[in-house]
Amino acid sequence: MRWNRFWTLGLGTLFTCTFFIQAKNTPDSEKQGKPIRTIVIDAGHGGEDPGARGSYSTEKQVTLEVALKLGKLLEENMPDVKVVYTRKSDRFDNPRVKAQIANDAKGELFVSIHCNSAAKLQRQVGTKTVMVKKGKKKVAKHVPVYASYPNPAKGTETYIWATSKNNAKMESLKQNSVIVLDANSEESRALMDDTDPETYILLNTLRNAYFDQSLRLSTLIEDEFTKVGRISRGARQRNEKGIWVLSATAMPSVLVELGFISNPEEEDYLNSNSGQMELANGIFKAIKRYRDELDRFTNNNRVQPSEETNTGNAAPQAYRKTTKPGGQRKPASKQDYAVQLLITDKLYNPGASIFRKLPGHVTVERTAVVMNRKKMNKYTWGPFRSEEVASTALKKAKKSGFKDAFVTNN
């Protein structure tokens with residue numbers, strides 16, 4: 001019940017901006033229904049940056065092995081999901097480059113893999129006698145003798161960005177709004193303005209939804225680790241050095257600490273093929289559970305488009321006059337979306353002042369219709385390449401005074 005409420009509230013927020021997450025230039029009804037199509041896997045460190053060191057191995061080696069195993073599991077069991085790697089070899093990239101790889105790939109999920117480390121402990125193992133000068137004399141003094149021991153810290157942790165980094169996450173969404181909102185055309189860029197209050201609210205809503213999603217995935221990952229007997233140190237927020245990449249990626253994001261490479265027992269586990277497979281499989285199962293939950297939620301709440309659009313409560317009888325042979329209407333194209341601005345008996349030219357508030361280079365078309373035996377003129381703005389772009393245009397139209405506007409693909 002607890003997580004049912006979570007998905008209802010947290011993902012309910014996300015559903016209000018689903019078109020931002022699922023936008024694509026080439027419509028495909030099956031793919032559009034999938035909440036996750038691209039997963040980005042980041043193997044921490046690499047190249048000249050070894051990361052944490054164990055007694056015989058380094059973090060960069062372990063993270064790459066687990067990342068590749070996780071990617072293979074995803075590719076074999078989720079063929080409809082594209083897997084993107086920030087690195088597949090012993091290479092170093094600046095975290096900004098890694099974040100840009102993820103953002104350019106339009107990922108719906110970012111999973112960064114790391115190993116933890118804890119400083120060695122100092123313990124007194126005895127004392128020794130030394131001679132120290134005291135005035136003109138030398139006297140014997142007992143001093144403690146210390147030895148270093150590996151820190152016994154062990155277990156997994158999965159991090160999301162701390163709420164104190166919300167502004168940084170918001171900035172990444174703003175900087176990548178063209179990617180997040182799929183504004184790949186000039187018309188989309190003209191409609192999209194990240195200084196606009198409405199756009200800010202939408203991006204803020206999206207950030208909050210990403211936070212909830214990231215938190216849910218981090219919990220699922222730790223749950224899967226616990227199932228196979230790993231010690232879980234919990235799903236946590238993190239505001240430390242090295243976590244920057246989570247707030248720089250414009251998508252839900254988590255950072256998984258596989259274990260403590262500084263602990264000899266854990267180092268052996270992290271370097272074993274069985275240990276790496278167990279960890280990769282745990283992350284995979286969590287991602288699958290996460291995607292299945294998100295898929296069920298979005299499918300249960302997706303409104304199926306009706307064949308005919310009702311434009312009002314009165315449901316007037318209306319038809320479009322056409323000059324095409326045989327009176328056949330042009331079949332609606334999935335790419336032919338528009339915003340119906342208004343239906344009126346008045347005749348306006350496309351350049352009329354009533355349309356001047358519509359931003360960007362727009363084309364307003366007038367179509368003669370008959371409503372209740374009265375000749376009317378219908379004005380539409382478009383066409384737009386996708387329903388998502390048209391939905392953004394709709395908000396601009398309403399803000400420009402067309403309160404009864406709506407999206408149509410007829």
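# Briefing on a predicted chain

Residue G401, which comes just after helix α13, takes a positive phi of about 115°. The model is predicted, and its chain holds 410 residues, of which 46% count as buried. The chain has 13 helices and 13 strands.

**Confidence and overall contacts**

- The pLDDT averages 77 over the chain, and 70% of the residues score at least 70.
- Residues 15-32 have a pLDDT below 50, and this stretch makes 44 contacts in the model beyond near neighbours in sequence.
- Residues 178-184 also have a pLDDT below 50, with 25 contacts in the model beyond near neighbours in sequence.
- Where pLDDT is low, the predicted coordinates should not be read in detail.
- When contacts in the chain between residues at least 6 apart in sequence are considered, 77% of them join residues at least 24 apart.

- The buried residues of α4 are E59, K60, V62, T63, L64, V66, A67, K69, L70, G71, L73 and L74.
- Helix α13 covers residues 387-399, which makes 13 residues, and its C-alpha atoms span 18 Å from first to last, close to the 18 Å expected at 1.5 Å a residue.
- Buried positions in α13 are E388, V389, A390, S391, T392, A393, L394, K396 and A397.
- An α-helix has 3.6 residues a turn, so residues three or four places apart point the same way.

**Strands and their pairing**

- Strand β4 (residues 121-134) and strand β5 (residues 137-149) run antiparallel and are joined by 13 bridges.
- These two strands, β4 and β5, form a hairpin with two residues between them.
- In the turn of that hairpin, G135 has a positive phi of about 70°.
- Across the pair, G126 stands opposite V145 in β5.
- R123 lies over the face of Y149, at 5.1 Å from the ring centre.
- Strand β10 pairs with β13 in the antiparallel sense over three bridges, and A338 stands opposite T408 in β13.
- Because six of the eight residues of β10 are buried, this strand is largely enclosed by the rest of the structure.
- In a regular strand the side chains alternate between the two faces of the sheet.

**Loop residues with a positive phi**

- Most residues other than glycine have a negative phi.
- H45 is not a glycine, yet its phi is positive, at about 65°.
- K106 counts as partly exposed because its relative accessibility is 25%, which falls between the 20% limit for buried and the 50% limit for exposed.

- S262 lies in the loop between β8 (253-260) and α11 (264-271).
- With a relative accessible area of 15%, S262 falls under the 20% limit and therefore counts as buried.
- Although S262 and C115 are 147 residues apart in sequence, their C-alpha atoms are 9.2 Å apart in space.
- Leaving aside neighbours within four places in sequence, S262 is in contact with N116, S117, A118, P150 and N151.

**Aromatic rings**

- A search of the whole structure finds five aromatic pairs.
- One of them joins F355 and F402 as a stacked pair, with 6.1 Å centre to centre and 15° between the planes.
- F355 lies in the loop between β10 (337-344) and β11 (364-371), while F402 lies in the loop between α13 and β13 (406-408), so the pair ties together parts that are 47 residues apart in sequence.
- F355 is buried, with a relative accessible area of 4%, and F402 is buried as well, with a value of 6%.
- Ring pairs link Y348, F355, Y379 and F402 into a cluster.

Notes: Residues numbered from 1 in each chain as written. Predicted model: local features only at pLDDT ≥ 70, side-chain atom pairs only at ≥ 80, totals over all residues. Heavy atoms only, no water. Helix = DSSP H or I, 4+ residues; strand = E, 2+ residues; numbered from the N terminus. Expected span 1.5 Å × (residues − 1). Buried < 20%, exposed > 50% of the residue type's maximum accessible area, 1.4 Å probe, protein only. Pairing = 2+ DSSP bridges. pLDDT = per-residue confidence, 0-100. Contact = heavy atoms within 4.5 Å. Phe/Tyr/Trp six-rings, centres within 6.5 Å; stacked < 30°, edge-to-face > 60°. Lys NZ or Arg CZ within 6 Å of the ring centre and 35° of its normal.
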